[in-house]
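Here are some notes to read alongside the model.

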Amino acid sequence: MGEETEEVISGVGQRLKALRLQRNRTLADLAEATGISVSTLSRLESGLRRPNLELLLPLARAYAVPLDELVGAPATGDPRIHLRPMKRNGQTIVPLSRGAGGLQAFKHLLPAGTSLPQPEPKVHEGYEWMYVLRGQLRVVLGERDFVLKQGEAAEFDTRTPHWFGRATTESVEFLTLFGPQGERMHVKAAPAR
């Protein structure tokens with residue numbers, strides 16, 4: 001095995017541990033999500049267990065990161081981002097960023113439909129910013145219920161019960177920036193003249 005390959009493999013454990021800590025996940029939580037025992041995860045993070053595909057694939061899925069990012073594979077020099085849409089709760093979500101932690105960017109597509117969805121507010125750690133590209137997005141945030149139209153934006157702490165969906169039967173397209181640790185987006189305005 002080449003020296004470069006050995007170097008990549010030896011750094012996997014450190015990357016896994018850093019990613020888990022960055023996402024505020026415990027070994028027990030990760031074991032439940034992946035089906036990998038706590039002891040195996042611990043040995044993998046500490047470098048006492050050699051990574052293999054049977055271990056890395058479930059971890060990449062649990063963290064929602066590409067396998068090459070998880071192992072720290074050398075860059076190929078190809079600047080293109082290969083978007084991999086996901087289907088969740090009747091919507092298509094396209095990850096626009098590839099970083100393992102910090103702020104993440106997503107494009108959401110809510111398809112047109114004949115009936116309007118009923119709000120089911122949820123809470124979780126983090127902070128979210130959204131911007132409507134096309135259509136009308138209904139947002140329920142705590143006691144507030146409002147509609148964001150094309151070109152409008154909102155930001156909120158995701159520990160507040162929240163839900164969003166189509167405000168009309170037409171499709172909606174919007175962007176979100178999500179910070180799992182509660183990072184806030186910083187909007188800078190042009191200086192006053």
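**Notes on the predicted model**

1. Let's begin with a helix contact. From α3, Leu 30, Ala 33 and Thr 34 meet Pro 58, Leu 59, Ala 62 and Tyr 63 of α5. Keep in mind that this is a predicted model. The helices behind this contact are α3, residues 27-34, and α5, residues 53-63; their axes come within 9 Å and cross at roughly 105 degrees. An angle from 65 to 115 degrees counts as roughly perpendicular, and α3 and α5 are therefore roughly perpendicular to each other.

2. Next, have a look at helix α2, which covers residues 12-22. Which of its residues are buried? They are Val 12, Gly 13, Leu 16, Leu 19 and Arg 20. These residues span an arc of only 130 degrees around the axis, which puts them on the same side of α2. As a reminder, an α-helix has 3.6 residues a turn, so residues three or four places apart point the same way.

3. Just after α2, Asn 24 has a positive phi of about 55 degrees. Asn 89 also has a positive phi, near 50 degrees, though it is a residue other than glycine. For background, most residues other than glycine have a negative phi. You'll find Asn 89 in the loop between β1 and β2 (91-95). Is Asn 89 buried or exposed? With a relative accessible area of 79%, Asn 89 is exposed.

4. Strand β4, residues 127-134, pairs with β7 in the antiparallel sense over five bridges. Here Tyr 131 stands opposite Ala 153 in β7. Tyr 131 is partly exposed, its relative accessible area being 29%.

5. Three strands make up another open sheet, ordered β6-β5-β8 and paired antiparallel. Its edge strands are β6 (144-149) and β8, and since each has a single partner strand, one side of each is left without a neighbour in the sheet. Neighbouring strands are turned by 20 degrees against each other on average, ignoring direction. Within this sheet, β5 (residues 136-141) and β6 pair in the antiparallel sense over six bridges. Across from Arg 138 you'll see Val 147 in β6.

6. How many aromatic pairs does a search of the whole structure find? The search turns up two. In one, Trp 129 and Tyr 131 are stacked, at 6.2 Å centre to centre and with 10 degrees between the planes. In the other, the ring centres of Phe 164 and Phe 174 are 5.4 Å apart and the planes are at 85 degrees, so this pair is edge-to-face. Phe 164 belongs to strand β8 (residues 162-166) and Phe 174 to strand β9 (residues 172-179), so the pair ties together parts that are ten residues apart in sequence. Both Phe 164 and Phe 174 are buried.

Methods. Residues are numbered from 1 along each chain as its sequence is written. This is a predicted model: local features need pLDDT of at least 70, side-chain atom pairs count only at pLDDT 80 or more; totals for chains, interfaces and linings use all residues. Side-chain values use heavy atoms; hydrogens and water are left out. Rings of Phe, Tyr and Trp (its six-membered ring) pair if their centres lie within 6.5 Å; planes under 30 degrees apart count as stacked, over 60 as edge-to-face and the rest as tilted. Buried means under 20% relative accessible area, exposed over 50%, partly exposed in between (1.4 Å probe, protein chains only). Helices (H or I, at least four residues) and strands (E, at least two) are DSSP runs, numbered from the N terminus. Two strands pair if DSSP finds at least two bridges between them. The arc is that of the directions from the helix axis to the C-beta atoms. Axes are lines fitted to C-alpha atoms, for helices over the stretch in contact, and angles run from 0 to 180 degrees between N-to-C directions. Angles under 35 degrees count as roughly parallel, over 145 as roughly antiparallel, 65 to 115 as roughly perpendicular and the rest as oblique. Contact means heavy atoms within 4.5 Å.
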